[in-house]
Amino acid sequence: MKKLLIITAFGLSFAFAGNVAPADNAQYQKECASCHFGYQPALLNKTSWEKVMGNLSDHFGTDASLGKVESEQILNYLLTNAGSGKITANNSTMQITKSPYFIKEHRKIPAKLIEQKEVSSLANCLACHTTADKGNYSERAIVIPNYGRWE
Amino acid sequence: MKKIVCFILLAFTLLNAKEFNAPMKTYMESLSVEAKAQNPNFTGFDAKRGEAIFVSKQAGKKGTQMSCTTCHTTNLKNGGQNVNTNKPITALAPSANSTRLTDVAEVEKWLRRNFNDVFAREGSALEKGDVLTYIINQ
């Protein structure tokens, strides 16, 4: 029994436990999270963040341009805290939703639950992950609007 | 007695005056100089023209018409919502949100971004001054 527990604990420690460091940088919150959810830096790798920050004047069709100094400071924050491993593996695009791990984790959610106005897009983390703003994406904290808990 | 009434009325008017803070006044002055340089007939900014810019419908970059009101709504005392992300936007009217139009860098940043998003170009000094004059009076 003890062995089983140890093996289980060992296995869990390798899995993405659903937690990333919170996006606790005031400047990042001000400049980026004023328009959208403040995605934690660990959700994209360095290459992805460089792409994002390299073209802010056309940021998914919107002008999100910053001054040179702010832009450099935020890029530095993102690169210092960028992700690696499972969540960002095989994804060097600018979108977290293009990560194979992300796609696998969300594959069973019916389209109508994503398309409904309370959610509208898989990019809207906080719509279902009630503690996403704290960097906690654990299954226990998921409540899908007009559906309920997802366990 | 009359003097006191006059004084009270004056104080009341001053309290209600929709005024920019000092750094914003300097910024408005620089827009004014620029507008005058571009058009010698320029006599001052106008809230009515600003409102017309604010509500005017433009082609939009994503194939759907948009205006400033798409996100900010037509009542600036109310909050709005980002049309792309649904994230709430706090009220633009300084009478409802005292932090608005107080920081020149913020004002310049959002004018640049939002003119580009709605009009697909930056605003002229005249347009920016008119829009700010419209908003400060809300």
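Okay, which two side chains meet in a salt bridge at 3.0 Å, N to O, with E31(A) as one of the partners? The other partner is K30(A). Keep that pair in mind, we'll come back to it. One thing before I go on: what you see up there is a predicted model.

Let's take chain B by itself to begin with. Chain B has 138 residues, and 36% of them count as buried. Its secondary structure is six helices and two strands. If you walk along from the N terminus, the order is α-α-α-α-β-β-α-α. The accessible surface of chain B is about 8400 Å², and carbon and sulfur atoms account for 59% of that. Now look at contacts in chain B between residues at least 6 apart in sequence: 52% of those join residues at least 24 apart.

N97(B) sits in the loop between β2 (88–89) and α5 (104–119) of chain B. Its relative accessible area is 12%, so N97(B) is buried. Leaving out residues up to four places away in sequence, N97(B) touches T90(B) and A91(B).

Now, the interface. Here 14 residues of chain B are in contact with 16 residues of chain A. The area buried between the two chains is about 1200 Å², with 34% coming from carbon and sulfur atoms. The rule finds 11 residue pairs in polar contact across this interface, both residues being at pLDDT 80 or more. On the side of chain B that touches chain A, we have eight charged residues, five polar and one nonpolar.

How many salt bridges does the rule find across this interface? Two. One of them links K30(A) to E106(B), at 2.9 Å from N to O.

Back on the chain A end, E31(A) is buried because its relative accessibility is 9%. K30(A), at 44%, counts as partly exposed.

Over all chains, the search finds 12 salt bridges.

Definitions and conventions: Residues are numbered from 1 along each chain as its sequence is written. Chains are lettered from A and ligands numbered from 1 in the order in which they are written. This is a predicted model: local features need pLDDT of at least 70, side-chain atom pairs count only at pLDDT 80 or more; totals for chains, interfaces and linings use all residues. Side-chain values use heavy atoms; hydrogens and water are left out. Contact means heavy atoms within 4.5 Å. Buried area is the accessible area (1.4 Å probe) that two parts lose on being put together, summed over both. A salt bridge is a side-chain nitrogen of Lys or Arg within 4 Å of a carboxyl oxygen of Asp or Glu. A polar contact is a pair of N or O atoms within 3.5 Å; within protein, one must be able to donate a hydrogen and the other to accept it, and residues adjacent in sequence count only if both atoms are side-chain atoms. Ala, Val, Leu, Ile, Met, Phe, Trp, Tyr, Cys and Pro count as nonpolar, Asp, Glu, Lys and Arg as charged, and the others, Gly among them, as polar. Helices (H or I, at least four residues) and strands (E, at least two) are DSSP runs, numbered from the N terminus. Buried means under 20% relative accessible area, exposed over 50%, partly exposed in between (1.4 Å probe, protein chains only). Accessible areas come from the Shrake-Rupley method with a 1.4 Å probe; for residues, only the protein chains shown count as cover.
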